[in-house]
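Please keep the sequence and the model open while reading.

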Amino acid sequence: MMKVRLCAVALISIAMFSGCASIVNDKNQKISVSASNGQQIKGSVDGVAFSGPGVVEVARANVDKTIVIDNPECANSMPLNKSVDPIFFGNILIGGLLGSTTDATTEKMWKYQEKVVVSCK
């Protein structure tokens, strides 16, 4: 009986002191980038170059970001607006204040759109 209580206390402690988004989400998020005309594009996010169509990784953070496009036939930039990942709200219910604070501190509670289509001629 003592071992069962000890295990229960350990599990509850782990749940309270860890954030769901901090466990489930990676530090980086993968975003699919393509051109509206289907052609290849080049650009950068946070100073990291990419070519597409393809996938670019961005660090999760409490800031909006911008995809800078290098193709003259395409829009110069596209916004990446941050939003709160819905998993964070589940953590408030399960993990309470400590779990949600962990998610906020690690910035893993934030997400960006998963797919960006750059407007091109």
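Two strands count as paired if DSSP finds at least two bridges between them. Strands themselves are DSSP runs (E, at least two residues), numbered from the N terminus. The model is predicted: local features need pLDDT of at least 70, side-chain atom pairs count only at pLDDT 80 or more, and totals for chains, interfaces and linings use all residues. Residues are numbered from 1 along each chain as its sequence is written, and side-chain values use heavy atoms, with hydrogens and water left out.

Strand S1, residues 28-35, runs parallel to S9 and is joined to S9 by four bridges. Within this pairing, Ala-35 lies opposite Val-118 of S9. The two strands belong to an open three-stranded sheet with the order S4-S1-S9 and mixed pairing. Strand S4 (54-59) and strand S9 (115-118) each have a single partner strand and stand at the edges, so one side of each lacks a neighbour in the sheet. On average, neighbouring strands here are turned by 35 degrees against each other, direction ignored; the axes behind this angle are lines fitted to C-alpha atoms, and angles run from 0 to 180 degrees between N-to-C directions.

With a disulfide taken as a pair of cysteine sulfur atoms within 2.5 Å, the count is one. Cys-74 and Cys-120 form this link, with sulfur atoms 2.0 Å apart. Cys-74 sits in the loop between strand S5 (65-69) and strand S6 (77-80), and Cys-120 in the segment after S9, so the pair ties together parts 46 residues apart in sequence. The link is right-handed, with 105 degrees about the S-S bond.
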